[in-house]
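Let's walk through this model together, from whole chains down to single residues. Keep the viewer open as you read.

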Amino acid sequence: MIRVQNIKKSFGDVIAVSDVSFTAPDGQITGLLGPNGAGKSTTMRVLYTAIKPEAGQALIDNIDVATQPLQARARLGALPHGAGLYQQLTARENIAYFAAMHGLRGQQAKDRVDEMIDLLEIGDFADRRTKGFSQGQKTKVALARALVHGPQNVILDEPTNGLDVMATRSLRKIIRKLRDQGKCVLFSSHVMQEVAALCDDIVIIAGGAVSMTGSTEDIKQNTGSDDLEDAFVRAITPAGEMLR
Amino acid sequence: MSHLSTVFFKEIRDNFRDRRTMLSALVFGPLFGPVMFAVLISMTLKQATDSKTQPLELAVIGADYAPSLLHYLESEDTEIEPIELTTDEAVEAVKDGTYELVLSIDEAFGEQWTEARSARVSIVMDNSDSSISRKGRRARGMISGYSRQIGAMRLLARGVDPSVMRPITIDEIDTSTPSGRAALILGMLSYFLLFAMLAGGMYLAIDTTAGERERGSLEPLLTLPVKRSTLLIGKLLATCLFMSVSLALALIAFAVVLQFMPLQQLGMSVDFGPKQVITAFVVTVPFALIGAALLTVVASFTKTFKEAQSYMNITMLLPTLPIIVAAVNNLRPSLTWMTVPSMSQHLLILDLVKGEPLQPLFVAVSIGSSLIIGTILTLIAIHLYKREGLLG
């Protein structure tokens, strides 16, 4: 379970996140939805402890990421923006490297890597160097790498960016599988349809703060709009501006 | 500890497969110095042997006036070419390069000679050209030798001991050994060794920060439950290993090159066998830590691989500064200088190639101070690696 309480983060004069709070429970896919620059990535970076919030608290399975970053990260599988594979290593070596860094050794590590290769259906190119992989292939390998230690919590920062329809579909299938295993999945996107198709719960972020939370139906109701896109636009537009 | 070795071995494998890194670490870095050396020494050698073994070509104005002098010069391996020019014309001919060296014998030479007065000749040459200047000195040396010889005979003919002409006799006692002279050229050896090391570690150091960030692999790496200091130290150790391999290869290449260079012909003797190679390695390798940490610190301030690369080129010149200071001031190893990295390695290697024994205390201080400074730089690199700005 991931819980974020009133976190705030600025870079110089720019306030990236002013007040974000939400809870992503186990066995659910929680969507972090917002336009570009809304603060999605900053929130996720706080969760995987790449940056420290100025105020507020982020908890992963009730572990404070600020005070116990290593323990928090051990319970987390994160897929930051972009795959970021090591191009001179094969897909399998990339996954095995992360397995070793999570403390998996010997046969256990091998088995886990094989399991991931099966889960993500990347057996065909597992032993090729990742240089020249398609975006879809890269994302799958990166996801395998992030999941190799079987984390309870999974954070995916815009994983469908640059993927074609088929790759997006197979990624959704995997994410649903994770949910059905009882994992807590936090998924960010700037595409409303994407989030609506996949997520049980949606957190809409705009201008560094949460503007609306709920299921797809809740959001439609709250904004008084039947169309998803309209609902999203209304949710991220401050009330004053709507009247103009 | 296991995380550290995981990072270390992954970096080795990753970079081992990268052609650019491997070329820089195993080919360009280690071979640059030895190849420069071979070229430089063979050029020096060619010049030295040329001027000794080839006959001196000498254009002579007024050859008829001094047959005995010219006969003497010919016996000393000079090729005389009599020419018909005035002295002014000869100056022009030397200026435009028609002749390198013109000996002008005055019309009055014969008369002065027979009357045992001081006879006059002039040598026309361009002293700014070092190879012509050398030939000029050779001609001058031969003529004054002949002049002394005749002068002594004239004194003897008058019943005077020729040694009255030499109230003072100067004896030079040259303490430089043949390998001491070699040290002049070999003074560059230390820089080439440091250069080889830095070239060997450059790409790994860039990859640690700017490279990983640019490829987008840094952020996933930081999501792992591993301390950032562990990541950095693992990468730094891999960089040190590549640098050490580059150093070893450079030393072996030098040993091979020096084996095939006919240095004895230059009056040099260099004993650079396996023992010296190993000693030089032990003396120089602690610099790897300084180099690796320094390159990593510099690279962590840059945003992209290309930007990092341009800063690296400047950084690779840094070790020359202490070496230049040492060379210009002709410094000798001392406890103070042993605390200065790059200078201490330079001074110790210089003594090593001169065949002088190394003082264990100096070696220990050099190694110790390099490791201490390297550790400080490593701590700075770790501090920079922990910044949030690292992600760019």
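First, some housekeeping. This is a predicted model, in which local features need pLDDT of at least 70 and side-chain atom pairs count only at pLDDT 80 or more, while totals for chains, interfaces and linings use all residues. Residues are numbered from 1 along each chain as its sequence is written, and chains are lettered from A and ligands numbered from 1 in the order in which they are written.

Begin with chain A, which has 10 helices and 10 strands; helices (H or I, at least four residues) and strands (E, at least two) are DSSP runs, numbered from the N terminus. Chain A is as compact as a globular protein of 244 residues, because its radius of gyration is 18 Å, close to the 18 Å from the globule rule. That radius is taken over C-alpha atoms, and the rule is 2.2 Å times the number of residues to the power 0.38. The C-alpha trace of chain A spans about 60 × 40 × 35 Å along its principal axes. Of the 244 residues in chain A, 47% are buried. Here, buried means that 20 or more other C-beta atoms lie within 10 Å of a residue's own, exposed means 12 or fewer, and partly exposed is in between, with C-beta atoms placed from the backbone.

Now turn to chain B, with its 16 helices and 4 strands. The radius of gyration of chain B is 31 Å, well over the 21 Å that the globule rule gives for 392 residues, so chain B is more spread out than a compact globule. Its C-alpha trace spans about 100 × 45 × 30 Å along the principal axes, and buried residues make up 37% of the chain.

How are the two chains divided into domains? The bounds come from an automatic or database domain assignment. Chain B has domain 1 (2-45 + 179-391) and domain 2 (55-171), and their C-alpha centres lie 54 Å apart. Chain A has domain 1 (2-75 + 153-243) and domain 2 (83-150), with 25 Å between their C-alpha centres. Where these two domains of chain A meet, domain 1 gives 8 residues and domain 2 gives 7 residues; a contact means that two C-beta atoms, placed from the backbone, lie within 7 Å. On the domain 1 side, helix 6 (residues 165-180) of chain A supplies the largest share, 3 residues.

Next, look inside. A nonpolar core is a set of buried Ala, Val, Leu, Ile, Met, Phe, Trp, Tyr and Cys residues joined through C-beta atoms within 7 Å. The largest has 147 residues, and I95(A), A144(A) and I155(A) touch the most other members. Helix 8 (residues 189-215) of chain B contributes the largest share of this core, 16 residues. Leaving out residues up to four places away in sequence, I155(A) touches residues including M44(A), Y48(A), L76(A) and L186(A). There is also a second, separate core of 15 residues, among them I61(B), Y65(B), L101(B) and V124(B).

A144(A) is one of the buried residues of helix 5 of chain A. Because 11 of the 13 residues of helix 5 of chain A are buried, this helix is largely enclosed by the rest of the structure. Its buried residues pack against elements including strand 7 (153-157) and helix 6 of chain A, together with helix 9 of chain B.

Which residues make up the contact between the chains? The contact takes 23 residues from chain A and 19 residues from chain B. Helix 1 of chain B gives the most to the chain B side, with 5 residues. That side has 6 nonpolar, 5 polar and 8 charged residues, where Ala, Val, Leu, Ile, Met, Phe, Trp, Tyr, Cys and Pro count as nonpolar, Asp, Glu, Lys and Arg as charged, and the others, Gly among them, as polar.

Elsewhere, S244(B) lies in helix 10 (residues 228-260) of chain B. S244(B) counts as partly exposed because it has 18 C-beta neighbours inside 10 Å. Not counting residues up to four places away in sequence, S244(B) touches V285(B) and A288(B).
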